[in-house]
Amino acid sequence: MPTSTPQTNLAHPAPPRLPLVMVAALGVVFGDIGTSPLYAFKETMNPAHGVPFTPGSVLGLLSLIFWGLMFVVTLKYVVFVLRADHDGEGGILALQALAAGAVSRPPPARRWLVQAIGGLGLVGAATFYGDSLITPAISVLSAVEGLEVEAPGLQPFVIPITVSILIAFFAVQRKGTGVVGNIFGPVMLLWFVLIALAGLWQVLQQPQVLAALDPRHAMGFLLHHRAQSLAVLGAVFLAFTGGEALYADMGHFGARPIRLAWLFIALPALALNYFGQGALVLGNPGAIDNPFFRLFPSWGVLPMVVLAAMATVIASQAVISGAFSITAQAMRMGYLPRMQVVQTSGLAIGQIYVPTINWLLMAGVLLLVIGFRSSSALSAAYGIAVSITMVTTTLLTGVVAWRLWRWNRVAVLAGVLLFALVDLTFVTANSLKILQGGWLTLAVAVGVMLLFTTWGKGRRLGLAAAEAERLPLEPFVRSLEAHMPHRVRGTAVFLNPDADSVPHALLHNLKHNQVLHEQAIVLRVLPCNTPRVDAGERIEAASLGSGVWVVTARHGYVERPDVPEFIRILAYQKGLACDSMTTSYFVSRASVVDAHLPGMNPVRRALFRWLQRNAGRASDYFELPGNRLVEMGQRA
């Protein structure tokens, strides 16, 4: 019997000081939006939009960017969405769980609301994968393109250098971000300081650019360029991509450090840099070919290219880490089959590595760079996925404000309609770029949605088929007492999705080996719709007699389902002798036959069977020791 309470992954160290957390947040939360000045303003002035270059158009575009940052990022995300704290966690799946919990047990007339919430969460998560492909490609490529400013002869080397950086970036993912993470914050702080100073210098040269602070310039631009406005808004939206990360990464740092870092560091630096780029092109229209790097003197371009490459790698790291986290959450919520998840830090549970997702993303990102070959071409594929994610965030936050926070219904409806109108305007603007490349991220999102829904439905049908053939556990244990099989030493843990039925592996062990361990534990691992589960609620156990225990172990969607740790906690709480060296784990690898998949067309059935065959091993997912694992087949 253990002599001390087992350590779980719920322990939280004392929080560091606020300024240090703010700096750390700069390196993770603001990497994406912080590198948008590399390409965003340049794309708004793209001649392909049909907007003539005039001082009035420059001021109008700057006004659109500034007030978009204030409305979409500051007002929507920083003021409102960051309030949607799900036990300290953020992100679209956390928001979905929060909204679903807010409307739990609705009247029959509102059952559609629960289904709609689930669908919105999945759509937002699916579109995030499209963002995960585009962000590394466009960010790193736009940084390396800075070499062309002072050395046009290096243009043929831009693609090879970009590809080399990206290959190295994905290759080191398995090492985790713990070691290099310490420099992320200071690098991004230096980045924001330098881009702010460069922009401020140009603003001082052309102070008339500050007229763009008047929102009438934004409205005047939209009214004057009606036909071209939607196309331009698709480029303006590039300045806001990454704003969704403020909420997605809330669980790492908390809402307050993110708010302060945005209001006092990131937002002022971005505003100064965009206004600086506008001031530069007002004084030198020829600088529009790359206004960001032309902010700096010739001797500073190469150092800024290096710093920009580091900043874009940091931005890419944030979105790739987000893809790993969403994958792990989707697996634990039953939307994806098991995959190998590697914990890269013994201290931070959020630092994980999913090899399958890493290599798939690397292949996709490299194909994008080689296929599109420039950040301007890639910008056509960027934005549509993020804008859809922002719409789903608005709608889900509205549900939370109405049902959970109990805000005034009329005020919530008015706010949701206002934010949704702006979001849908950007969705419409970005939809104009579908044929030029936006189809790619939509195709990725549709493919991911197909995986989510196919696996989720197939899994539910398989469990229903197994339920129809279930054998109640308690009567079975009583029947064993009358005809007790041979007992062997040690503990056997039988993983089973149902705590009240006999595990398939237990039946086959009795049938073929004709033995029963002196201690048998039927274990159900239950994922919960909360990020974490309190230690006191983690284990629920009951003895059925004859050394048989039925146990339910709960874990949150950001926690690892560590079965050996669950058994150690059980042993401590119940005084059981569970020696790790004499404990064996029995699992069933289910295979659902076509007859038990009604309502699924042949294509989805084939996809579900393929997902089943390639699902990760239980030993990897449940942290089971491979040398004490017994896996048995099962057809449901």
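Predicted model: local features only at pLDDT ≥ 70, side-chain atom pairs only at ≥ 80, totals over all residues.

Phe 476, leaving aside its neighbours within four places in sequence, is in contact with Leu 471, Val 502, Leu 506, Leu 507 and Leu 510.

- An α-helix has 3.6 residues a turn, so residues three or four places apart point the same way.

**Two non-glycine residues with positive phi**

- Directly after α22 comes Gln 514, with a positive phi near 55°, a value found here in a residue that is not a glycine.
- Gln 514 is placed in the loop between α22 and β4 (515–527), and because its relative accessible area of 55% is over 50%, it is classed as exposed.
- Ser 546 likewise has a positive phi, near 60°, without being a glycine, and it sits in the loop that runs between β5 (539–545) and β6 (548–555).
- The relative accessible area of Ser 546 is 26%, which makes this serine partly exposed.

**Helix α23**

- Helix α23 takes in residues 563–574, 12 residues in total, and its span from first to last C-alpha is 16 Å, close to the 16 Å expected at 1.5 Å a residue.
- Buried residues in α23 are Val 563, Pro 564, Glu 565, Phe 566, Ile 567, Ile 569, Leu 570 and Ala 571, a list that includes the acidic residue Glu 565.
- The residue that follows α23 is Gly 575, and its phi is positive, near 70°.

**Packing of α15 with α16**

- Two packed helices are described by the angle between their axes and the distance between the axes.
- For helix α15 (residues 298–332) and helix α16 (residues 355–372), the angle is about 135° and the axes are 10 Å apart, which means that α15 is oblique to α16.
- The crossing of these two helices, α15 and α16, is right-handed, and the contact is formed by Ile 320, Ala 323, Phe 324 and Thr 327 on the α15 side and by Ile 357, Asn 358 and Leu 361 on the α16 side.
- Sorted by class, the residues in the contact of α15 with α16 are 5 nonpolar and 2 polar, with no charged residues.

**Packing of α4 with α18**

- Helix α4 (residues 55–80) packs with helix α18 (residues 384–404) at an angle of about 35°, and their axes lie 12 Å apart.
- The crossing in which α4 passes α18 is left-handed, with Val 72, Lys 76 and Tyr 77 of α4 and Met 390, Thr 393 and Thr 394 of α18 making the contact.
- By class, 3 nonpolar, 2 polar and 1 charged residues take part in the contact of α4 with α18.

- Met 250 lies in helix α13, which covers residues 250–253, and is buried, with a relative accessible area of 1%.
- Apart from neighbours within four places in sequence, the contacts of Met 250 are Leu 82, Ala 84, Asp 85, Gly 88, Glu 89, Gly 90, Ala 255 and Ile 258.
- The C-alpha atom of Met 250 is separated by 25 Å from that of Val 140, a residue 110 residues apart from it along the chain.
- Leu 272 is part of helix α14 (residues 255–283) and is partly exposed, its relative accessible area being 29%.
- Again leaving aside neighbours within four places in sequence, Leu 272 is in contact with Ala 196, Gly 199, Leu 200 and Val 203.
- The C-alpha atoms of Leu 272 and Phe 66 are separated by 9.8 Å, and these two residues are 206 residues apart along the chain.

Key
Residues numbered from 1 in each chain as written. Heavy atoms only, no water. Axes fitted to C-alpha atoms, helices over the stretch in contact; angles between N-to-C directions. Helix = DSSP H or I, 4+ residues; strand = E, 2+ residues; numbered from the N terminus. Parallel < 35°, antiparallel > 145°, perpendicular 65-115°, else oblique. Left-handed = near helix turned anticlockwise from the far one by under 90°. Contact = heavy atoms within 4.5 Å. Nonpolar A, V, L, I, M, F, W, Y, C, P; charged D, E, K, R; others polar. Expected span 1.5 Å × (residues − 1). Buried < 20%, exposed > 50% of the residue type's maximum accessible area, 1.4 Å probe, protein only.
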